Structure formats: C-alpha cells, structure tokens
Amino acid sequence: MVTLPSQAQLLARWRSIAEPWIAIPSVSTDPALQPECRQAAEWVAQLLRAHDAEVRLVEGYGNPIVVGRIDVGAPTTFVVYGHYDVQPARQDEGWESDPFILTERDGRFIARGVMDNKGQVTIHLAAVLALKEAGQLRHNVAFFLEGDEETGSPHLEEAIQQLADALRHDAIIVSDGIREQNLPTMEMSFRGGFNARIAIRTLASDQHSGMMARVVPNAPEVLMRLLQEAFHPREGLLPLLQEGVPPIDAEVQEDLAMLPFSAEAIRDATGARVVYPTDALSYGRLVGLEPAVAITTLKAGYLGEGFRNALAAQAEVKLNVRLAPTQDPAEAVRRFEEWWQRALAATPEVVASEVEVETPYRGVLLPRENEWLARASRLWKEVAGRKPIRTYCGGGIPVVTAFHEIVGVPLVVTPLANEGSNIHAPNENFRTDVLLEGLAWSARWFGEA
Ligand SMILES: [Zn+2]
C-alpha cells in the first residue's frame, strides 16, 4: 500500500491551481471575453507544461481545446475531460464577494467556476500533479479541456472526430455536474431529444369575438384540441414515441430502486402540490429512461394589458421532447411528424401550419460491464464508505454521447460537486468536505496501480 499525498497537501495544491485559474474570467457566452477564454486555456497549458506534459492548443473549433499529456511510461492512460469556460457573473447580481476571487467561507469555497467546471477539473489536476511530483503517478494522463461548454460545445463533435486517436485510451473520466443527494454518484445514461415548434392558422385575420365566436374557428381553441390529442394516454404522441423502447433490465431496476426518492422533497423544491411518481423506481424510469413531451411555450391571442375581444387567427406551441437513452432521434422525429400529419388530417379548421424540428440529439446508455466502472465504485467505497449510486439522467451531456460513439472507450462519469452548489447562479460554491472526498478519490484513481 502506497502512501498517497495527504488531504492537506491535496487541498493546498487544489487551491494553488484554482485561485489563479478562476481569476481569469473565461466567460464563453460573452464574445467580448474571448481573449480571457484564450488566456485561461494558455494558463492551464502552461501549468501542464511545467510538469513535463506534452501540450497543444487545438485551434479551429471555437475557443482553443487544450490537450495535455503526461506520460510516466505506464501501461494505462486515462483521459480527463473538462471545460475551462464559465457562465457570466457580476457581483451586483447577488454575489457576497467578487465572483472571480476564490473565497473561503462557512466551510465552502465560493467563486464562478469553482464547481462548473474549473474546480472539478482542478481536483484531477491537483491529484495528478501532486502524484507526479512524488513519483507516484501510476497511469499516463491526457487532459482534454474545452472552452465552449457553456455555449453548447457547437464544434466539439467535429473536434472529437479529428482527435479521436489522441483520445482512444483505456478510459475517459468526466467530472462535471452535481452528485445525487450528495452521495458518490456514477452517471450511467443520458437522454436524447429534440425541440419542435408548431404554428397553426385558422383565419385570415383576428375576428370580433362577439360576432364570430361559434361561427368560425378560434386558433387557440383548435390548438388546445390538437394538444389534448398529443397528450392522449393511448393514442397521443407520447405512446407513439414510447413504442419499441426496450424494457428496463433487472440490474438497472435495482439501481433505480436505490435512488433516494422523496415526494416531499420534490414538493418542497418545486412548490408543486402533486408529484406523479410514487416511488424511486417510477421516478427513475420517468426521469431517465423513458421519453417525455413538455409544452415549453404557448402563444396565442392578445397578450397585453386588459382585454381585446377577438378570436385569434394564429396560435403557436413549442415542445421539448426527451427520448429514452438508446432511442434513435431520427426515428423519433419521423414518428413525431407522422403524429402531426395524422392530427392535421383530422383537423379541417387549420388553413395553414408550420412545423419546425430543431437539433435532434442522441442519448447514451453506458455499458456497465467494464472494469473501470467497477474500479471507480471500489475506490468510492474506500473513500466515502459506501458504493456510489448509479443515476440515469434526465438531461443530456452531448460530449458523453460523442465520446462513447466516436472514440468508443469506457467512460467513467462521476460528478464531484455538492447539491446546493448554486451552479450557474450567484455564490457558486464547493463544500470543502465534498471537495476533499473528490480529491481523495482522484488521488487513489491515479495513484494506485
Ligand atoms: Zn455550466
């Protein structure tokens, strides 16, 4: 058994990296701060070079991608994915301290980027660099750090295609996002999805409602009827999308049953009176493994102050569709269009319509039979005293899908940040005790043969 760097050493190292890196306001959503994004990329490239890494800044895909490889002649190589860009932050938005100065208060570190994602990347950087200096780094490491995550990584898939060979190693580690209920977490799947906008017209122009109601069709009412059909439990859009989705296997069901579920906590967090799922299994299934359709915008008629008594000629709805992890988005879009054509044929009131489908993307269900997941699990048990929970995420991380499909090596997706970390909000924070657990896990991951 080797003696790995102590908690105090790891935390000091984390701080010495996080502080200056966070001080560079690499806000990718603000074009005026593009030079700062580059500066943050160069800063971390320089840090890696100072530790004998072979580093290149990959250009041509938006902000530079930093690829830095530390080779200790080990038989195994792990890739660490992360992003150095951050969300905007201004002190007058409710920050209690300068968002770009790492501040320690009440058992937390506070700053923009402290957990999303510089702080989480820094956990792996700190562990790897401390181990390297102590001659205890047991694996080669390739850092792959992008700078456009907060703008949706528009060119990343292309970049991964170009760089696939540099990424094809034993496993890729992704630590972004938040642990489930603050317990060690491994994310096992992400859903795919697409957005759709439907606009219908039933009249040439708005009409006096006193004279024309019940005489000619009002677009919002016709749209309501169409939507009612879309949400029909047997013949609607959802059952159509659900068709052919494979049943959830026993192992996944076991994982879902272990998810912490509390209808009370969801009521508290959302202000809802009714929570539909009744247990962990149905909750996990509805959120992570089945399709969902949500109305995100409804627009029709007069939206200003007071009343304008007119039938509306047009009505519009925007839908967000989520797909089961293994579902083919092209096929799902085809079914959506099929549903729409059917609905339209049954609705003679519609004189004109528009349908737009945007950005279909594929989800991913990570294969569970891989030795690195088992290793990650074992190390979490050693560090935190319990095996991690496996989650099936409702949202998507397109980069995970791209790594899985294009690079095709095992992925270990283990978010390290705490709940209540105010991600994308003022006073973004990282609880020190949770941070220390992450450091301990990372030091074991890279320090044990
Ligand atoms: Zn983010």
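**Group meeting talk: strand E8 and its neighbours**

Hi everyone, let's start with a pair of strands: E8 and E15 run antiparallel to each other and are joined by two bridges. Strands here are DSSP runs of E with at least two residues, helices are runs of H or I with at least four, and both are numbered from the N terminus. Two strands count as paired if DSSP finds at least two bridges between them. As one example from this pair, Phe190 sits opposite Val364 in E15.

A word on the model before I go on. It is a predicted one, where local features need pLDDT of at least 70 and side-chain atom pairs count only at pLDDT 80 or more, while totals for chains, interfaces and linings use all residues. Residues are numbered from 1 along each chain as its sequence is written.

E8 and E16 run parallel, with five bridges between them. Thr185 has Ile389 as its bridge partner in E16, and Glu187 has Thr391. As a reminder, strands of a sheet pair through backbone hydrogen bonds, either parallel or antiparallel.

Is E8 buried or exposed? Six of its six residues are buried, so E8 is largely enclosed by the rest of the structure. Buried means that 20 or more other C-beta atoms, placed from the backbone, lie within 10 Å of the residue's own; 12 or fewer makes it exposed, and in between it is partly exposed.

Next, helix H13, residues 398–407. Seven of its ten residues are buried, which leaves the helix mostly covered. Those seven are Val399, Val400, Thr401, Ala402, Phe403, His404 and Val407. Among the elements covering them are our friends E8 and E15, along with helix H4 (156–167) and strand E17 (411–413). Just after H13, Gly408 takes a positive phi of about 70 degrees.

Finally, the domains. Domain 1 covers 7–190 + 363–447 and domain 2 covers 192–245 + 290–361, with bounds from an automatic or database domain assignment. Their C-alpha centres lie 40 Å apart. Eight residues from domain 1 and eight from domain 2 make the contact, where contact means C-beta atoms, placed from the backbone, within 7 Å. On the domain 1 side, the elements giving two or more residues are strand E8 (185–190) and strand E15 (364–365). So our opening pair turns up here too. Thanks, everyone!

Note on methods:
Contact = placed C-beta atoms within 7 Å.
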